[in-house]
Amino acid sequence: MNMFPNYFVIHCLFCSRNLAAPVKTTQSSNTSLETYSTLQKESCHRLDFLVERQKQLCMLSDKMVQVLQTGAQQAVEECQYQFRNSRWNCSTVENSTDIFGGVLKFKSRESAFVHALSAASLAHAVARACSRGELNECSCDARVRKRTPRHWQWGGCSEDIRYGEKFSRDFVDAKEDKESEEGIMNLHNNEAGRRAVRGRMQRVCKCHGMSGSCSVRVCWRRLPPLRAVADALSTRYEGASHVKVVERKKGKNIRKLRPIHPDMKKPNKTDLVYLEESPDYCEPNEELGILGTRSRTCNRTSAGLDGCRLLCCGRGYQTRVRDHEEKCRCRFVWCCRVHCEICRSKRDHHVCN
Amino acid sequence: MTGTIIENLSGRKLAVLVTLLLLCQVICFLIGGLVAPMPANTQTILGTVCKDTSVMKNDTSKWFYNRGKGSCQTVDLGETHHDLSERDIVFAFQMPVPREGERFDYSRWQQNLIGVLQLDVRYHSQMEVKPRSTVTIDARLAYRNKGDPDDEWKLYTQSIEKRNLDCDIDVKSEEYLYNCSTIPLFELGSLYHDYYLLNIRLPVNTPDMNVHIGHLQDIWVTVINQNGGFTKVWLSLKTAFFPCIIAILVWFWNRIHMLERKPVLLEKMLLSLGISLCLLNAPIEYLTLQYDLPFMLLLGDIRQGLFYATLFSFWLIFAGEHMLIQDTSSQSSLKQYWRHLSAVAMGCVSLFIFDMCERGIQLRNPFYSIWVTDLGTNLALTFIILAGISTGVYFLFLCYMVWKVFKNISHKRQALPTMCSVRRLHYEGIIYRFKFLMLATLLCAALTVIGFILGQVAEGQWKWDETIELEYTSAFFTGVYGMWNIYIFSLLVLYAPSHKRWPVNENTSDTQNLSEEIEFSPIPERSEISSLTSFIRKATID
C-alpha cells in the first residue's frame with residue numbers, strides 16, 4: 001500500500017539529511033550557482049519516494065526543489081498553527097519516512113485537511129515563485145490565447161495561480177490511485193484545497209483610460225496569504241462531510257462520493273470529505289506516531305477544544321505557577337528588525353496528566 | 001433651391017445605405033470580439049529582496065536583478081537580520097517575467113507600460129498600522145535590449161517619490177495582511193526597449209521617514225501594458241478608416257464648392273468634425289515601432305479631447321441651426337453660440353490642463369503623480385470638477401435646445417393640414433428625416449453608454465470558467481470606435497448638399513410639384529441654406 005499519499009516526505013528527507021531544517025530560502029551565493037543547479041536536479045533523482053511523474057516535474061527547473069520545499073515547509077507550519085489547540089497538534093515525527101508518522105494512514109478528517117492544505121500550499125508556493133520569475137517553466141496559459149495561438153506579445157498570459165494550480169494538480173495528484181477509495185477521497189480534498197486559494201483571491205483594478213479615467217480599466221487578482229487559506233480550510237475541516245464511495249453505474253466503474261447518511265447534504269467541490277472516523281489521539285501510540293495529549297498545556301477557562309476538560313481527555317490536569325515572558329510594546333524597524341520589550345508576569349500554567 | 005442629400009434620398013436608398021453602415025458596424029464589433037485579445041495585459045511581479053553590499057548607495061550603474069549572470073544575493077525578510085540595515089535592502093523587479101522556458105521581451109507593439117505598487121504589510125497585534133501613512137520610495141528604472149549582456153543595464157530614470165498608503169484590515173489576526181490601497185508608481189508612454197528593471201529602496205534618511213508603514217513582508221509590482229494583438233487590430237482599423245474619412249471629406253468639400261454660395265455654419269462644423277476625426281484616425285502609432293516617442297499617451301489624450309470637443313460643439317450647433325427662427329437675414333456664425341460653446345471650451349481646457357499636469361510632467365519623470373501632495377490633489381480635483389460642471393451645463397444646454405427644436409417642429413406640424421398635400425408630404429418627410437438623425441445620435445450615445453455599463457457589470461462578475469468566446473472589452477472598444485466613425489461618415493454623406501434641383505426629381509410625387517415651387521419659397525433666397533432650416537424659418541413667417 002502506498003504509504004506516502006502526499007509530498008510532505010520531501011520535507012522530512014531534508015530534515016534527515018540535515019540540508020535545511022527548518023528550510024531556509026536564503027540563496028547560496030551566485031558564484032556556485034551552476035554547481036548548485038546541477039545539485040538541485042540530482043536531488044530530484046534522490047527523492048526516492050517521488051513517482052516518475054513527480055521526478056519529471058521536479059526536474060523542470062533548478063529552483064523547483066526549493067519551491068517544493070517551501071510549499072511543504074509552509075504547509076507543516078500552517079497545519080501546526082491550525083491544530084495548536086487540538087488533541088492532535090500536527091506533530092511531526094523524526095527519523096521516520098512519513099513525516100506525520102502513521103496518522104495519515106487513516107482516511108480521517110485530519111488526513112483530509114492535511115491533503116487539502118498541502119495541495120493549496122504547493123499551488124501557493126509555485127504561484128509565488130512564478131511571480132518572482134524564479135521558475136522559467138511557468139506556463140503562459142493557452143486559455144487566454146485559445147483563438148489566436150500566438151505569442152505572449154499578442155495577448156498576454158494568464159495569472160500565475162493558474163499555473164500553480166495546474167502544477168499542484170499534476171504533482172500532488174500524481175501519487176493518488178484513482179481506483180482506490182483513499183485515492184478518490186484524497187483527490188477530492190486536494191482539489192478543495194486548491195479551490196480555497198482561488199476563492200480567497202482579491203480583485204484589484206486600475207483605470208488607465210483617457211487622462212487616467214476609467215474608460216479603460218484592467219483588473220487582476222492578489223494572492224492571499226497562506227494563513228487566510230489555512231483558516232478557510234480549517235473551517236471546512238470542522239464542517240467536513242463523512243462520505244462513502246458508491247458505484248455510480250455498474251460495469252462502467254464510475255465511483256462517486258456520497259454522504260454516509262442519505263439525508264445529509266451532498267459535499268460540493270470546496271468541501272472536505274473523509275471516509276473513516278479519526279483514531280484516538282488521547283493516548284500515545286508509537287506505531288502511528290501519535291504523541292498523545294499528556295503534558296500538553298491547556299486552557300482552564302475555555303470550553304472549546306483547547307479547554308482542559310476536552311484536551312486532557314478527562315484525565316485531569318496539574319496547575320503550576322510559572323514566570324511568563326511575553327513580547328510587548330513592539331515596534332517594527334524597517335527593514336529587518338522588530339524591537340520589542342519583554343514583559344514578565346506570573347501566570348497559572350495548566351498541564352494535562 | 002437645393003437641399004441636403006438626406007432630404008432628396010429615396011427611402012429605399014436610405015435603407016440600403018443604413019443597412020450597409022450597420023453591416024460595417026457589426027464587422028467592427030466582431031473584429032474586436034473575435035480577433036483581438038484583451039486590450040491590456042497585466043503581469044504581477046513579486047519583488048526579489050536583494051542585498052546591497054556596496055558602500056556607495058547612490059551609484060546608478062549598480063543594478064540588482066534576480067535572473068541572468070550577475071544576479072543579486074537574496075535575503076529572506078521573514079527572518080531577522082541584525083547585520084542588515086534598511087540601506088542594504090533593494091527590491092528588484094525584472095520585467096517581463098519568463099514563461100514557458102523562454103525569456104520574454106517587450107515588443108514595441110505593446111505601446112506603453114504602467115506600474116502599480118502593492119505593499120504586503122503583515123498584521124501584528126502588538127503594533128497596529130495607522131490607516132493613513134506616507135511611504136517614501138527611491139525608485140530607479142533601467143533598461144536593456146536584446147543582445148546586450150545580462151548585466152548591462154542602463155539607467156532610464158530615477159526618482160525619490162512620496163506616496164500615500166491607505167491600509168485597513170478586516171480580520172485582525174497574526175500573519176494576515178492589511179488591505180493596502182494600490183499605489184500608482186510609474187507610467188511609460190513608450191515601450192521602446194526590450195527589458196526593464198525596477199529597483200526600489202525604502203530609505204530612512206530622516207527619523208520619521210518610512211517608520212509607520214508596519215511590517216513589510218513583500219512588495220508586488222503589477223505592470224500593465226497594451227496587448228500587441230490589440231494594437232495591431234486597433235491600428236488596422238485606424239488605417240482602414242483614415243483614408244475613408246479623408247476621401248469623404250474631399251468629396252464633401254468639393255460638393256460645397258460646386259455651389260454658388262459660401263459654405264454655411266453647419267457645413268463648416270461638419271468639415272471640422274471630419275478633420276478632427278481624421279486627426280484621431282491618423283495611425284501615427286506606426287512611428288512608435290521605429291522611434292522612441294514617450295509623448296504618445298499625452299498626444300492620444302489630446303487627439304481624443306479635440307474630437308470630443310468638436311463633436312459636442314457640432315451637436316449644439318446642429319440643434320441651434322434648426323431653431324433660429326427670428327433672424328432670417330443674417331448668416332449664422334460661431335459668435336452666436338459663444339455662450340453655449342464656452343461650456344465645451346471650459347471643460348476641454350480644464351481637462352487639458354489636468355492632463356498636462358499629470359501626463360505632461362510624466363514625460364520628464366515617469367514616477368510623477370499629481371495626487372501625492374495636498375496641493376496637487378486639490379488642483380487636480382479643481383480641474384476635474386470644473387470639467388464635470390462644464391459637461392453638466394453643456395448637457396443641460398443641449399437638452400434645452402433639442403427640446404425647443406422638437407417643440408418648434410410639433411408647433412409647425414399643426415399648420416401642416418392646411419397646406420396642400422404634396423407640400424405636406426414633403427415637410428413630413430423632412431421632419432421625419434431630421435428626427436431620424438436625432439434618433440441616430442441618441443442611439444449611438446445610448447449604445448456607447450450601455451456598452452460601457454455592460455462591460456463594467458460583466459467584469460464585476462469575475463468568473464474562472466468562461467466559455468464565452470467573445471472578448472467583450474475589445475469588442476466594445478472597436479465597436480464604439482467604428483460606430484462613431486460610421487456616424488460621422490454618414491453625417492458627411494447625408495448632410496452634403498444635393499446636386500438634384502429639388503423639383504426635378506425622378507420621384508413621381510415630386511415631379512408634379514413644379515407649379516408649387518414658387519409657392520414653396522416665397523421669400524427671396526439670398527443664400528442657399530438647407531431646406532430644413534429654411535422650412536422652419538419660412539414657417540414662422542407664415
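A residue is called buried if 20 or more other C-beta atoms lie within 10 Å of its own, exposed if 12 or fewer, and partly exposed in between, with C-beta atoms placed from the backbone. This is a predicted model, in which local features need pLDDT of at least 70, side-chain atom pairs count only at pLDDT 80 or more, and totals for chains, interfaces and linings use all residues. Residues are numbered from 1 along each chain as its sequence is written, while chains are lettered from A and ligands numbered from 1 in the order in which they are written.

Select first helix 6 of chain B, residues 338-362; helices (H or I, at least four residues) and strands (E, at least two) are DSSP runs numbered from the N terminus. Its buried residues include His340(B), Leu351(B) and Gln362(B). Among the elements covering them are helix 5 (296-321) and helix 7 (374-413) of chain B.

Next, select the contact between the chains, which takes 53 residues from chain A and 65 residues from chain B; two residues are in contact if their C-beta atoms, placed from the backbone, lie within 7 Å. On the side of chain A that touches chain B, strand 7 of chain A gives the most, with six residues.

Chain B averages 82. Where pLDDT is low, the predicted coordinates should not be read in detail.

Methods: pLDDT is the predictor's confidence in each residue, from 0 to 100. The expected span of a helix is 1.5 Å times one less than its number of residues.
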